Amino acid sequence: QNVKFDLHYLRREWGEEEWRAWLKAGGKVWDTQIAEYLITGQDHKYASLDELATKYGGELKMDVIKEMWNSGVMTEDIDSDLLREYLEGDVRNTGIVAREQSKYLRSRAALGGLARIQMDALLAIQEMEYNGMHVDVATINRLYEGYSAILDDLGIELGKMMLATQPLM
């Protein structure tokens, strides 16, 4: 569920060498939120884990932890046993949802293939977010100057055309 967040954390914890080794070994991910988006015909963009757990036979998690977070309590200040129970529920529900989604998508070849492509794309997006993107500022500025002059000329021409087509009152 929203696995990209976890991938960023995992990458930081593992370090680059272990991360790269995992990718080279064929590292794969499954994001239940993305899978649900595809299953619903791209209708439900941000399904929560609670929604999906209810739909696929999981159990709702304890609201007390959510209430603590909502009231400003930091995760590190929550009783570790209580937090562990909450997080174990997350893991159980995510497993249930992923298994049921996977079964559904396997029965629909084209949609299942699209899901696999989306999961691979998710790894590429995570990589781009982690590394950022090189921007050649000099080239962008040069292009801006060239297109800016063209747009100015087009604006003048458009204004002339509009004036020529306006009816006289």
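1. A polar contact is a pair of N or O atoms within 3.5 Å; within protein, one must be able to donate a hydrogen and the other to accept it. In this predicted model, the side chains of Thr32 and Gln1 are joined by such a contact, at 2.5 Å.

2. Thr32 belongs to helix H3, residues 32-39. Its relative accessible area is 0%, so Thr32 is buried; the cut-off for that class is under 20%. Leaving aside residues up to four places away in sequence, Thr32 touches Gln1, Leu52, Thr94, Val97, Ala98 and Gln101.

3. Next, helix H1. It covers residues 3-14, twelve in number. From first C-alpha to last, H1 reaches 16 Å. That is close to the 16 Å expected at 1.5 Å a residue.

4. Which residues of H1 are buried? They are Val3, Leu7 and Arg11. Viewed down the axis of H1, these buried residues fall within an arc of 85°, so they line one face of the helix. The cover over them includes helix H2 (16-24) and helix H7 (109-131).

5. The face of H1 turned away from the buried side carries Phe5 and Arg12, both exposed. Arginine therefore needs a check by number here: Arg11 is among the buried residues of H1, whereas Arg12 is exposed.

6. After H1 comes Gly15. Its phi is positive, near 95°.

7. Asn2 has a phi near 55° and lies in the segment before H1. Asn2 counts as partly exposed, at 39% relative accessibility. Gln42 has a phi of about 60° and sits in the loop between H3 and H4. Gln42 is partly exposed too, with a relative accessible area of 46%.

8. Now the largest pocket. Its volume is about 540 Å³. The lining comprises 17 residues. Those nearest the centre are Phe5, Asp6, Trp69, Leu87 and Asp90. Phe5 is also one of the exposed residues on the face of H1 turned away from its buried side.

9. Where does the lining of the largest pocket come from? H1, helix H4 (49-56), helix H5 (63-70) and helix H6 (80-106) each supply at least two residues. H6 gives the most, with five.

Methods: Residues numbered from 1 in each chain as written. Predicted model: local features only at pLDDT ≥ 70, side-chain atom pairs only at ≥ 80, totals over all residues. Heavy atoms only, no water. Helix = DSSP H or I, 4+ residues; strand = E, 2+ residues; numbered from the N terminus. Expected span 1.5 Å × (residues − 1). Buried < 20%, exposed > 50% of the residue type's maximum accessible area, 1.4 Å probe, protein only. Arc of directions from axis to C-beta. Contact = heavy atoms within 4.5 Å. 1 Å grid on protein atoms, 1.4 Å probe; cavity = no way out; pocket = protein on both sides within 12 Å on 5 of 7 lines; lining within 4 Å. Points joined across faces, edges and corners; volume = space filled by probe spheres on them.
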